[in-house]
Amino acid sequence: MIDDGLVLLQLHEPGETPVPHESESGLAVGIDLGTTNSVVAFSFDSEVEVLRGEDGKALIPSVVHYKDDGSVEVGALARQAILESPDHVVSSIKRLMGRGLEDVKSLAGTLPYEVVVPPEGGMVRLRVAGRTLTPVAISAHILMAIKERAEQAMLGKSVTRAVITVPAYFDDAARTATKDAARLADIEVLRLVNEPTAAALAYGLDNSVEGLYAVYDLGGGTFDISILKMEKGVFQVKATGGDAVLGGDDIDHAVAEHFLSQRAAGAAITAGEVKQALMTARVAKECLTGRAEGEWMIELDGIASRHKLTKAELEKLAEPFVERTIEICRGVVEDAGIDVGDIQGVVLVGGSTRMPLVRKRVSEFFGRQPLSDINPDEVVAVGAALQAEALTRGSDTLLLDVTPLSLGIETMGGIVEKVIPRNTPIPVAMAQEFTTYQDGQSAMSIHVVQGEREMVDQCRSLARFVLRGIPPMAAGAARIRVTFQVDADGLLTVSAQEMATGVEQHVAVKPSYGLSDDEMATMLRDSLVHAKDDMAQRLLTEAVVEARRSVLAVKSALGVDHDLLSVDERQAIDAAVEAVEQACAGIDRDAVTVAVEHLEEATKSFAEKRMDRGIRQALAGVSVERLDDALGGAE
Amino acid sequence: MTASVANAAAAAAVVPCWSCKGPVAARALFCSVCGAVQGPGAIDHFSRLGMLPTFDIDQDLLEKQYFGFQRRLHPDRFAAKSPKERALSQSQATSLNEAYETLKDPLKRAAYLLDLKGRKVDLTACGTINDPMLLMEQMEKREAIADADTVEVITKLSADADSEVIACQCHISAAFNAGELDEAGHLTIRLKYLAKLAEEARTKKTRITRALR
């Protein structure tokens, strides 16, 4: 099509997302990367299909088996391998995303694998089958398996982009780690969406619910509660809260401990035995959803033992965890500045909400029966798929999310000065000024933290950096402006600037517990042979998108102001446009860049003439109305 | 108006579009020729959301305007666009959020409106209260909240604090409408302390109710 730019302009409102060329960019799916299970779904024309494996099941156990022959297996088969070779299998890796040493200490005993912390600090590693792996690499293996399933289910079409969901309460380090894992798995993340928000989207669109809703999301390892206002396609998160390490796993653990304590005290229990006890505990918990009691067998070291458990006993073990979630709900309702009675409905998300105790406590607290008509295991992936379609093919719905945790920096005495309070709508940019406290101080260390507590050591350290080159001044005279920017993925960038001199530093927050750029590069190189090619391909695609935009812009301008050009000038521009289009058809990124530069050169005087005309018309008051049309505004 | 002033005004109202390089109204969100999203520009929060610059605002209208602008400018609308357009949309959405957060909160709105009218009120200066009457009043009420130990007492204190906040907002509105900016300034500072007190009462109330459970 020769004039496809103009056609697009007629079909689309300004700012509306045009349909991308599918051949260039592969399909976009929604991925719920869960602690226990993952789900992938695809949406077309708002019809969502949860993509199933050969076994017909939607859930992919988030379990990875590292075999001795070097191969990697993910999902149901990997989960079966837990009993035979527990030290070769990793599960619940999401709990360690973006975690450091002290987090692991607080989880001590609840993690069924051997954890190592690199002496230089940073992200923890796992010892699995003789390998040392980061949680990011393990998550990447799960994502690769998900991608493979999606491609099989989509009849071999390439799946390259995804909306990936994360717990709303995930901090910056865990979000960054998730994005890094996707990069390793060669998936472009269109957006990180909070799990409860994705679930709300699925409900809001399917059932056209309106008003204030709470989404209670209790998964295997994480708990989130969000309160949203849903209205005519807008999903506005009013407040969110949760616990990134609270979930069904904790209940399994309590049950497993209960079982093990019933066995005669014998030799120390090995990691493999803990895993087996955990699996039995999970089976028992799931069975007791529909039954009043049961008996299960654990065989360790050749000694079998039988364990009775009643529903009442299970609920007693689970109660502290469920109560904790209700406490968090109470706080979030307060944060939202509403009464529980204002909430029109509660949506249940996550496999752990199948527990009768959870349903009972949630309906007691909110004073109404919760909704669970969309499968709580699949609803997040359904919402993610809808959002993936919205981002790639355009849509009328809008998700307005918030920061789950306050962001601040350390000041004198280890006190946190909050820069962005929790529940602030994103994207957001906020700045705060700080000053020096010593005469002639030339550098300032900036420590970024996330959390609600007043003291730095009770918050989570996100990053440290040093602003240097502050000119010598008396103490308190320098004005250092620290700007926090949180993007639509909830990821933070911090920059600092000395206002008198303009000395500036930008820091994309590489979390204290994240991977360094070097590590990331090495992992990309080691784990994926194609990574480099993919990177080059991505850069080319980006350059082509930019070049096409330039061509479109020039064509639109020609459509309006062509009378300003002589025949020669017009020919020169047409030739330059042609050259860009040819370059875009090729695979040489530099050629694209050069052609775009030539086009800019060729249209320079045209642009000047257009500006002159615009100003003349504005002076004459002629086209003011036409210009004002473009002001847009609320529909 | 002299010709040169008119020239300058016209030139300021029209700026080059970053994408097609042609003229675009300085406050336009999109270029009328090539459709490219423009930067947020330096306009006040009221204009940004298409609201009149008054203290009395219709919260429903504010929300409607905010949603309407976000629908067109939010980064989710630009996910498939060029990096430059994505960045501009992020700046636009950031500015919209800032405007919305400022205008929806009566305290921030009052301070912002005073600022626009050239009467800056410093709400961040914490601790010191210059007004001795206000200081006395605040100390007494804070003590009462600290001493409260039954649900009945704290519920009453909390309700009183909330209604004082509302009364103060009404006075601020009256002061703005009468053009009494000094008065509005005093009341805005008062509102800051009243809001803090109401917050304290609420927290204490939650604590007492929770302890009973």
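Mentor: Let's begin with one pair of residues: A:A41 stands opposite A:V50 in β3(A). Keep in mind that this is a predicted model.

Trainee: In what sense do strand β2 and β3(A) pair, and over how many bridges?

Mentor: Strand β2, residues 37–44 of chain A, pairs with β3(A) in the antiparallel sense, over 4 bridges.

Trainee: What do β2(A) and β3(A) form, and how many residues lie between them?

Mentor: They form a hairpin, with 2 residues between the strands. Look at A:D45 in the turn, where phi is positive, about 50°.

Trainee: Which residues of strand β3 are on the covered face, and which on the uncovered one?

Mentor: In β3, residues 47–50 of chain A, the covered face holds A:V48 and A:V50. A:E47 and A:E49 make up the uncovered face.

Trainee: Now helices. At what angle do α5 and α6 of chain A pack?

Mentor: Helix α5 (residues 135–153) and helix α6 (residues 172–184) pack at about 55°, and their axes are 8 Å apart. An angle between 35 and 65 degrees counts as oblique, so α5(A) and α6(A) are oblique to each other. Their crossing is right-handed.

Trainee: Which residues meet there?

Mentor: From α5(A), they include A:P135, A:A140 and A:L143; from α6(A), they include A:A177, A:A181 and A:L184.

Trainee: And how many helices and strands does chain A have?

Mentor: Chain A has 18 helices and 27 strands. Of its 635 residues, 45% count as buried.

Trainee: How is chain B divided?

Mentor: Into domain 1 (12–104) and domain 2 (132–212), whose C-alpha centres lie 36 Å apart.

Methods
Residues are numbered from 1 along each chain as its sequence is written. Chains are lettered from A and ligands numbered from 1 in the order in which they are written. This is a predicted model: local features need pLDDT of at least 70, side-chain atom pairs count only at pLDDT 80 or more; totals for chains, interfaces and linings use all residues. A residue is buried if 20 or more other C-beta atoms lie within 10 Å of its own, exposed if 12 or fewer, and partly exposed in between; C-beta atoms are placed from the backbone. Domain bounds come from an automatic or database domain assignment. Two strands pair if DSSP finds at least two bridges between them. Axes are lines fitted to C-alpha atoms, for helices over the stretch in contact, and angles run from 0 to 180 degrees between N-to-C directions. Angles under 35 degrees count as roughly parallel, over 145 as roughly antiparallel, 65 to 115 as roughly perpendicular and the rest as oblique. A crossing is left-handed if the near helix is turned anticlockwise from the far one by less than a right angle, and right-handed if clockwise. Two residues are in contact if their C-beta atoms, placed from the backbone, lie within 7 Å.
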